[in-house]
Amino acid sequence: MSEAINDNDAYVREVHDKGLQFDLRTMSRRRMLTALGTAGVLTAVGGRILTDADPAVAACAAEVESETAGPYPADGSNGPQIRTVAGVVRSDIRSSFGGPTGVAGGIGLNFSLTVLKLNCAPLVGAAVYAWHCDREGRYSMYSSGVTGQNYLRGIQATDATGRVSFTSIYPGCYAGRWPHIHFEVFSSLAAATGGSGPIVKTSQIALPKDVSSAVYATTGYSRSVTNLSRITLAGDMVFGDDLAAREMATVTGSVSSGYSAALTITVNG
């Protein structure tokens with residue numbers, strides 16, 4: 001497990017200062033406009049220019065931030081490719097598939113993502129690939145001890161409301177990162193499972209501290225207690241610039257019954 005944590009720590013150090021080109025690739029439109037001093041104009045909806053003073057922006061027209069996919073996406077961009085493997089389209093991602101038989105243990109978490117377009121309509125028929133670490137902070141297919149597993153990874157197509165949902169476990173907190181879930185949005189299920197994309201949006205879901213603390217007090221999450229105590233949302237390399245304003249999930253439930261997390265995002269898709 002210590003090797004897995006070291007793997008994750010190394011990535012945090014690697015991307016801490018990658019230079020302007022890296023930053024530009026992972027900045028959202030909002031961040032770029034702010035950096036350029038033109039935050040007063042955000043986007044256009046239905047031929048009408050919206051500004052940051054327009055109430056329509058608060059409703060849904062502000063696109064979710066683009067974030068790094070991290071070092072362990074298994075989308076073919078950094079090593080293994082899981083999106084083309086039969087069985088990856090599934091809602092329950094707790095177990096491995098296609099040969100491996102491991103099952104990720106932990107407190108239950110059902111999480112959903114509702115994807116909207118810039119005109120506030122649901123993005124129907126798109127696809128979301130989601131993945132996250134296990135309760136020990138390890139990523140399947142990459143981290144020491146679980147390279148032969150592919151659990152906690154899956155793809156779902158958005159329904160008529162733009163929603164996808166996954167049955168999973170609550171992810172652990174590894175050193176240097178706030179508790180989170182990764183995701184990529186694709187224009188269609190074929191684009192997601194075909195291996196070539198293109199990717200419409202890469203971002204992350206943040207999980208609240210109070211819930212995380214309750215989960216990490218349970219068996220199997222002991223390392224997460226220390227790691228969470230050493231990181232703040234403001235100090236996180238991904239969520240720190242705006243405190244996960246459009247990426248923080250709403251979470252309900254309990255340790256005994258499990259949790260449900262939900263987030264609605266807007267993408268330019």
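Which residues are exposed on the other side of α7?

1. Basis of the note. This is a predicted model, in which local features need pLDDT of at least 70 and side-chain atom pairs count only at pLDDT 80 or more, whereas totals for chains, interfaces and linings use all residues. Residues are numbered from 1 along each chain as its sequence is written, and side-chain values use heavy atoms, with hydrogens and water left out.

2. Overall make-up. The protein has seven helices and ten strands, where helices (H or I, at least four residues) and strands (E, at least two) are DSSP runs numbered from the N terminus. Of its 269 residues, 51% count as buried; buried means under 20% relative accessible area, exposed over 50%, and partly exposed in between, with a 1.4 Å probe and protein chains only. Among the contacts (heavy atoms within 4.5 Å) with a separation of 6 or more, 73% are between residues 24 or more positions apart.

3. Helix α7. In α7, which spans residues 222-229, the buried residues are Ser 224, Asn 227 and Leu 228. Seen down the axis of α7, these buried residues fall within an arc of 95 degrees, so they line one face of the helix; the arc is that of the directions from the helix axis to the C-beta atoms. On the other side of α7, Ser 222 and Ser 229 are exposed, while the cover over the buried residues includes α6 (209-216).

4. The mixed sheet. Four strands form an open sheet with mixed pairing, in the order β6-β3-β10-β9, two strands being paired if DSSP finds at least two bridges between them. Because β6 and β9 (250-254) stand at the edges with a single partner strand each, one side of each is left without a neighbour in the sheet. β9 and β10 pair in the antiparallel sense over five bridges, and Gly 253 stands opposite Tyr 259 in β10.

5. Nonpolar cores. A nonpolar core is a set of buried Ala, Val, Leu, Ile, Met, Phe, Trp, Tyr and Cys residues joined through side-chain atoms within 4.5 Å. The largest has 44 residues, and those with the most contacts inside it are Phe 111, Leu 113, Tyr 170 and Ile 265. At least two residues of this core come from each of β3, β4, β6, β7, β8 (199-206), α6 and β10 (258-266). Leaving aside neighbours within four places in sequence, Ile 265 is in contact with residues including Val 64, Leu 113, Phe 183 and Arg 246. A second, separate core of 18 residues includes Ala 74, Cys 133, Met 141 and Tyr 174.

6. Aromatic pairs. A search of the whole structure finds eight aromatic pairs; rings of Phe, Tyr and Trp (its six-membered ring) pair if their centres lie within 6.5 Å, and planes under 30 degrees apart count as stacked, over 60 as edge-to-face and the rest as tilted. The rings of Tyr 72 and Tyr 139 have their centres 5.0 Å apart and their planes at 35 degrees, so this pair is tilted. Tyr 72 lies in the loop between α4 (55-61) and β3 (108-116) and Tyr 139 in the loop between β4 (127-131) and β5 (153-157), 67 residues apart. Tyr 139 also forms an edge-to-face pair with Tyr 174, at 5.8 Å centre to centre and 70 degrees between the planes. Tyr 72, Tyr 139, Tyr 142 and Tyr 174 form one aromatic cluster.
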